[in-house]
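Subject: Structure for your review

Hello,

Here is the structure we talked about. Please look it over alongside the notes below.

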Amino acid sequence: MATKWISHRGESYDAPENTVPAFRLSQERKTDGMECDIYFTNDGKVVCNHDGDTGRVSGNFIKASVSESSYAGLQTVDVSNGKAGYEGTRIPLFTDTLPYLGPGREYYVEIKKGDLNMAPELIRIVDNCGIPKEQFVMICFDDAVVKFYKELAPERKALLLVGGNPVADAEVVIERLKACHADGVDIRFSDNIDEEYVAKVRAAGFSFAVWTVDTPDLARKYVDLKVDAITSNRAAWLQEMFR
């Protein structure tokens, strides 16, 4: 099976990350899927933003805590982060991004570390959005969140995010995957990931994805390793290059 190309926070090389324009570009460019990060606002809305505050995405103009702000309050913040032509772009509701998924594509949705309450809310949103559940892949760095999500919805796909450079040995990662009942790993690219590493994880029954790969040389390595998915800020560009 060919490696899938996942647009990291949408096509974020060209459009503001985690915003409707970035997700729209991902759909228009027909990548295999897209990825986002979700938080609760203080009035219970689920919004897309990577950081816990708006400092970086606002170009360091407004540093508002996402979880301590209302959705309406966040709408006063321009998150175009200096990208020309996107001035006035706002943080979207997670549900506002769903029309840009489209048939057959996958949506990697990151629940932030420690947010157990987001697991049932993500399940509820997916149940009510009219999109096949199979198109959603929950990802998280927190073993406890992955385990809780799989307890609530064992039939739905969840990947454990693993970082570090070098990343932990395959045996260590496999034990974590088994303990939290993950379906696979979504791991940071690293020099110590090689054919043997990928084979060990696969032999244990787990899928293997990598993030965040933006250069052709690095992409070639993981295409040759036949990983299941590569997340990239410029996924469409790389996808075209390797297909």
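**Strands and crossovers**

β5 (136–140) and β6 (residues 157–162) run parallel and are joined by four bridges. Strands here are DSSP E runs of at least two residues, helices are H or I runs of at least four, and both are numbered from the N terminus. Two strands pair if DSSP finds at least two bridges between them.

Before the rest, the ground rules. This is a predicted model, with residues numbered from 1 along each chain as its sequence is written. Local features need pLDDT of at least 70, side-chain atom pairs count only at pLDDT 80 or more, totals for chains, interfaces and linings use all residues, and side-chain values use heavy atoms, with hydrogens and water left out.

Back to β6. The bridge partner of C140 is L160 in β6. β5, α5 and β6 form a right-handed β-α-β unit. Right-handed means that, with the strands pointing away from the viewer, the path from the first strand over the helix to the second runs clockwise. Five of the six residues of β6 are buried. Buried means under 20% relative accessible area, with a 1.4 Å probe and protein chains only.

β6 also pairs with β7 (residues 184–188). Four bridges join them, and they run parallel. L159 stands opposite G184 in β7. L161 stands opposite D186 in β7. The chain crosses from β6 through α6 (residues 170–180) to β7, and this crossover is right-handed.

β7 is mostly covered: four of its five residues are buried. Five bridges join β7 to β8 (residues 207–211), again in a parallel arrangement. R188 stands opposite W211 in β8. With α7 (residues 195–203) between them, β7 and β8 make a right-handed β-α-β unit.

**Helix α5**

α5 spans residues 143–152, and V145, V146, Y149 and K150 are buried in this helix. They cover an arc of only 130° around the axis, which puts them on the same side of α5. The arc is that of the directions from the helix axis to the C-beta atoms. The buried residues of α5 pack against β4 (106–111), α4 (118–128), β5, β6 and α6. Contact means heavy atoms within 4.5 Å.

Look at the start of α5 too. There, a side-chain oxygen of D142 reaches to within 2.9 Å of the backbone nitrogen of A144. The cut-off for a polar contact is a pair of N or O atoms within 3.5 Å; within protein, one must be able to donate a hydrogen and the other to accept it, and residues adjacent in sequence count only if both atoms are side-chain atoms.

**V201 in α7**

Is V201 buried or exposed? V201 lies in helix α7. At 0% relative accessibility, V201 counts as buried. Leaving aside residues up to four places away in sequence, V201 touches A170, I174, L177, V185, F206, S207 and F208. V201 and G184 are 17 residues apart along the chain, and their C-alpha atoms are separated by 8.3 Å.

**Helix α8**

In α8 (residues 216–224), A219, Y222 and V223 are buried. Seen down the axis of α8, the buried residues fall within an arc of 105°, so they line one face of the helix. Their cover includes β1 (4–7), β8, β9 (229–232) and α9 (235–241). K226 follows α8, and its phi is positive, near 60°.

Best wishes

Conventions:
Buried < 20%, exposed > 50% of the residue type's maximum accessible area, 1.4 Å probe, protein only.
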